[in-house]
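Trainee: Before we look at any single feature, could you take me through this model in the order in which you would read it yourself?

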Amino acid sequence: MGVTLKELAMQLGLSPTTVSRALNGYPEVNAQTRQRVQDAARAANYHPNTRAKSLATGQARAIGHVIPLSTSHEIVNPIFADFIAGAGEVYSGAGYDMVLSVVSDAQEETTYRNLVARGTVDGLMVHGPRLHDDRIALLHDLGLPFMVHGRSSGANTPYSWLDINNRRSFRRATEFLLELGHTRIALINGLENMDFAMRRRGGYLDALAQAGIAPDPALMRAGEMTEPYGHTSAHDMLQLPDPPTAFLASSMVVAYGLRRALTEAGLRMGRDVSVITHDDDLSYMPNGLDVPQFTATCSSVRAAGRQAAEMLLALVNDPAQGPLTKLMETRLVLGDSTGRHRS
């Protein structure tokens with residue numbers, strides 16, 4: 001069982017006020033005392049009374065995440081789970097709770113307004129931005145600090161965001177397949193109204209244009225990124241008179257479905273058909289153990305969650321410093337799923 005602030009102060013021979021100020025990073029407490037208090041708090045398993053702290057500071061000490069029902073499947077999506085895990089580490093370390101609200105689409109705007117009006121949260125994290133996302137203008141007008149995981153190309157208002165360089169990532173992946181001799185390259189992408197999908201398609205088209213290859217609409221699909229979607233898309237494309245010899249998949253889940261279609265067609269991935277996928281470097285869905293099973297554009301979504309949460313808390317502590325933005329680059333990891341085109 002942990003100790004109280006008063007008990008911790010008695011153990012250290014300090015006043016409760018000094019201990020409280022040390023734990024909250026007040027500059028008037030010297031670094032040596034602050035470190036001594038923090039070490040003692042950890043050793044004694046001391047946890048501040050969040051309710052009391054909220055009353056004292058006028059802050060809710062909480063960050064909100066609002067999920068509309070139309071996208072509530074995201075809660076069981078491993079990408080969402082890893083992002084939340086990363087963000088949650090930062091929130092808890094800073095003494096903040098997470099408020100997760102799942103609401104009907106019709107109630108989404110009302111939920112944001114109520115969270116702000118009631119002072120339930122000090123900041124908001126926005127997930128899955130669309131090309132034209134009304135939430136950004138709404139939250140800007142409401143005046144509460146917010147952070148977007150991703151970007152919205154149609155937004156006219158400056159806002160804070162953290163994103164990966166989707167366009168450059170998929171341009172490089174397409175260029176790699178072209179270097180291997182592939183010219184019939186298929187793209188199995190996310191939903192068309194999602195900003196990341198638009199950027200990935202842009203990178204794919206950039207690389208084809210640079211190589212003088214006209215894009216074939218029959219080799220481009222957009223949809224919700226599920227295993228059956230990957231399977232059906234690849235199955236259909238393999239039936240074309242001039243089928244693709246390489247595929248780009250927008251997620252590991254899609255790539256699993258794609259691989260299943262290749263197996264059913266008697267084709268070996270990496271030898272007969274090449275595949276590159278985007279890998280969010282998920283904790284519970286590793287891309288192989290010793291050797292990656294897929295060649296992939298990789299980025300840690302848990303690290304993104306941590307960094308986005310840190311940026312949001314910085315805005316909460318000093319709203320005037322925004323907007324804050326960060327563009328993360330991916331890395332291309334070579335696996336067993338790619339090989340030279342077999343003429």
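Predicted model: local features only at pLDDT ≥ 70, side-chain atom pairs only at ≥ 80, totals over all residues.

Trainee: How many helices and strands does the chain have?

Mentor: Helices (H or I, at least four residues) and strands (E, at least two) are DSSP runs, numbered from the N terminus. Here the chain comes to twelve helices and twelve strands. Of its 343 residues, 46% count as buried, where buried means under 20% relative accessible area, exposed over 50%, and partly exposed in between, with a 1.4 Å probe and protein chains only. If contact means heavy atoms within 4.5 Å, then residues 24 or more positions apart account for 68% of the contacts with a separation of 6 or more.

Trainee: Which order do the strands take in the sheet with parallel pairing?

Mentor: Strands of a sheet pair through backbone hydrogen bonds, either parallel or antiparallel. Two strands count as paired if DSSP finds at least two bridges between them. In this model, an open sheet of six strands with parallel pairing has the order β2-β1-β3-β4-β5-β11. Its edges are β2 (97-103) and β11 (325-328), each with a single partner strand, so one side of each is left without a neighbour in the sheet. The twist averages 20 degrees from one strand to the next; axes are lines fitted to C-alpha atoms, for helices over the stretch in contact, and angles run from 0 to 180 degrees between N-to-C directions. Strand β1 (residues 62-68) runs parallel to β2 and is joined to it by seven bridges, with Met98 in β2 as the bridge partner of Ile63. Helix α12 (residues 301-317) lies across β1, β3 (123-126), β4 (146-149), β5 (161-164) and β11, and runs at about 160 degrees to β4.

Trainee: And which strands stand at the edges of the sheet with mixed pairing?

Mentor: That open sheet, also of six strands, has the order β7-β6-β8-β9-β10-β12. At its edges stand β7 (220-222) and β12 (331-333), each with a single partner strand, so one side of each lacks a neighbour in the sheet. Neighbouring strands are turned by 15 degrees against each other on average, direction ignored. Within this sheet β8 runs parallel to β6, with four bridges, and pairs in the parallel sense with β9, again over four bridges. Ala246 is the bridge partner of Ile185 and stands opposite Ser274 in β9, whereas Phe247 stands opposite Val275.

Trainee: Which residues of β8 lie on one side, and which on the other?

Mentor: In a regular strand the side chains alternate between the two faces of the sheet. In β8, Ala246 and Leu248 are on one side and Phe247 and Ala249 on the other, and all are buried.

Trainee: Which residues have the most contacts inside the largest nonpolar core?

Mentor: In soluble globular proteins, nonpolar side chains tend to be buried together. A nonpolar core is a set of buried Ala, Val, Leu, Ile, Met, Phe, Trp, Tyr and Cys residues joined through side-chain atoms within 4.5 Å. The largest one here has 33 residues, and those with the most contacts inside it are Tyr204, Phe247, Leu248, Leu258, Leu262 and Val275. Its largest share, six residues, comes from α11. Leaving aside neighbours within four places in sequence, Leu258 is in contact with Ile188, Gly230, His231, Ala234, Phe247, Ala249 and Val275. Apart from this core lies another, of 21 residues, among them Ala87, Val90, Tyr91 and Ile164.

Trainee: Is Ser233 buried or exposed, and how does Ala265 count?

Mentor: Ser233, found in helix α10 (residues 227-238), is buried because its relative accessible area is 1%. Leaving aside neighbours within four places in sequence, Ser233 is in contact with Ile188 and Arg221. Ala265 lies in the loop between α11 and β9, and counts as partly exposed because its relative accessibility is 44%.

Key:
Residues numbered from 1 in each chain as written. Heavy atoms only, no water.
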